[in-house]
Amino acid sequence: MTEDEAVDDDLLTIGAFAARARLSAKALRLYDRLGLLTPAHIDEVSGYRYYRVGQIERARTVALLRQLDMPLARVAEIVEAPDGSEAADRLAAYWADVEARVAGQRTLAEYLRGRLSGRKSGMYENFVVETVDVPEQVLLTETRHVLAGELPAWIGASLGRLMEAAKECGGITAAPFVVYHAEVSMESDGPAESCVPVADGAAARAWAERQGRTHGATVRVEPARRLAYTRISKAQVAHPQILAAFEAVEQWIPEQGLSQAGPCREVYFADWDAAGAGDPVCDVAFPVR
């Protein structure tokens with residue numbers, strides 16, 4: 001008997017099963033190795049794989065999920081769900097992630113069209129750039145090498161930890177901010193530094209000493225400086241909208257006879273969770289002289 005011959009009414013060879021499941025034999029072997037779709041029987045002598053008719057529905061589901069460009073790990077999560085309702089919820093969560101990514105890519109494509117077509121100056125017209133003088137500050141900080149995809153979660157977590165610690169250090173004296181000491185993108189990992197200004201420097205140093213190397217927490221004193229900044233909404237904080245804000249400030253600085261005097265930063269002055277998409281939440285800023 002060859003591998004392409006049927007065994008009985010319920011047990012199918014890999015070739016017959018592949019045809020009915022609308023999958024290639026190569027794909028079935030891959031899914032077997034990954035545990036997504038294991039054969040019902042493997043002949044000990046020939047090594048031929050056989051599948052049951054009842055496995056066809058699962059195989060077709062796997063094939064359809066793969067047509068959504070779903071990673072195999074996510075496919076496994078869905079087909080291994082304990083019931084259909086949870087499987088549907090997992091699929092909905094995956095597709096929401098896809099739509100968010102595509103929306104971001106659509107915005108990025110439009111942004112790049114403006115750059116490539118020479119419409120850059122028009123992209124900056126809606127940003128009002130001003131300066132502000134910031135006094136010397138004692139900062140609780142965390143620094144981490146982080147890629148763009150990890151950045152939102154890390155910012156929220158690190159600022160949350162530092163703001164909680166600030167309760168032991170005389171309280172928060174100004175808006176928390178994040179400093180980008182080097183490029184953060186999908187390929188470049190910074191580092192970035194989360195900073196929370198606090199009132200009591202001695203208490204802050206004592207807190208940092210107790211923390212040791214936990215989360216890379218430290219204390220530093222930042223000298224007084226002038227910032228050039230533009231205020232943006234919660235929706236504009238998303239990538240790539242925020243790139244236009246940074247570039248608007250960068251363009252404005254030399255036009256005013258100023259020069260950059262340090263790495264760029266995002267100053268978060270509003271309650272992020274309570275803010276709506278159009279509410280101002282962040283200043284995109286550069287130290288200047």
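Reply: A word on classes to begin with: Ala, Val, Leu, Ile, Met, Phe, Trp, Tyr, Cys and Pro count as nonpolar, Asp, Glu, Lys and Arg as charged, and the others, Gly among them, as polar. The model here is predicted, so local features need pLDDT of at least 70 and side-chain atom pairs count only at pLDDT 80 or more, while totals for chains, interfaces and linings use all residues. Residues are numbered from 1 along each chain as its sequence is written, and side-chain values use heavy atoms, with hydrogens and water left out.

Me: Which residues lie nearest the centre of the largest pocket?

Reply: Leu151, Pro152, Val237, His239 and Ile242 do, out of 44 lining residues. Among the elements giving two or more residues to this lining are helices H5 (84-116), H7 (151-165) and H9 (241-255). Helices (H or I, at least four residues) and strands (E, at least two) are DSSP runs, numbered from the N terminus. H5 gives the most, nine residues. By class, the lining has 27 nonpolar, nine polar and eight charged residues.

Me: How do I read helix packing, and at what angle do H1 and H3 pack?

Reply: Two packed helices are described by the angle between their axes and the distance between the axes. Axes are lines fitted to C-alpha atoms, over the stretch in contact for helices, and angles run from 0 to 180 degrees between N-to-C directions. H1 (residues 14-21) and H3 (residues 56-66) pack at about 60°, with axes 9 Å apart. That makes H1 oblique to H3; angles under 35 degrees are roughly parallel, over 145 roughly antiparallel, 65 to 115 roughly perpendicular and the rest oblique. In this contact (heavy atoms within 4.5 Å), Phe17, Arg20 and Ala21 of H1 meet Ile56, Ala59, Arg60 and Ala63 of H3. The contact of H1 with H3 has five nonpolar, no polar and two charged residues.

Me: At what angle do the axes of H1 and H2 cross?

Reply: Roughly 100°, and the axes of H1 and H2 come within 9 Å. H1 is therefore roughly perpendicular to H2. Ile14, Phe17 and Ala18 in H1 meet Ala25, Leu28 and Arg29 in H2.

Me: At what angle do H3 and H4 pack?

Reply: H3 and H4 (residues 72-79) pack at about 140°, with axes 10 Å apart. H3 and H4 are therefore oblique to each other. Residues of H3 in this contact include Val62 and Leu65, and those of H4 include Leu72 and Val75.

How values were computed: 1 Å grid on protein atoms, 1.4 Å probe; cavity = no way out; pocket = protein on both sides within 12 Å on 5 of 7 lines; lining within 4 Å.
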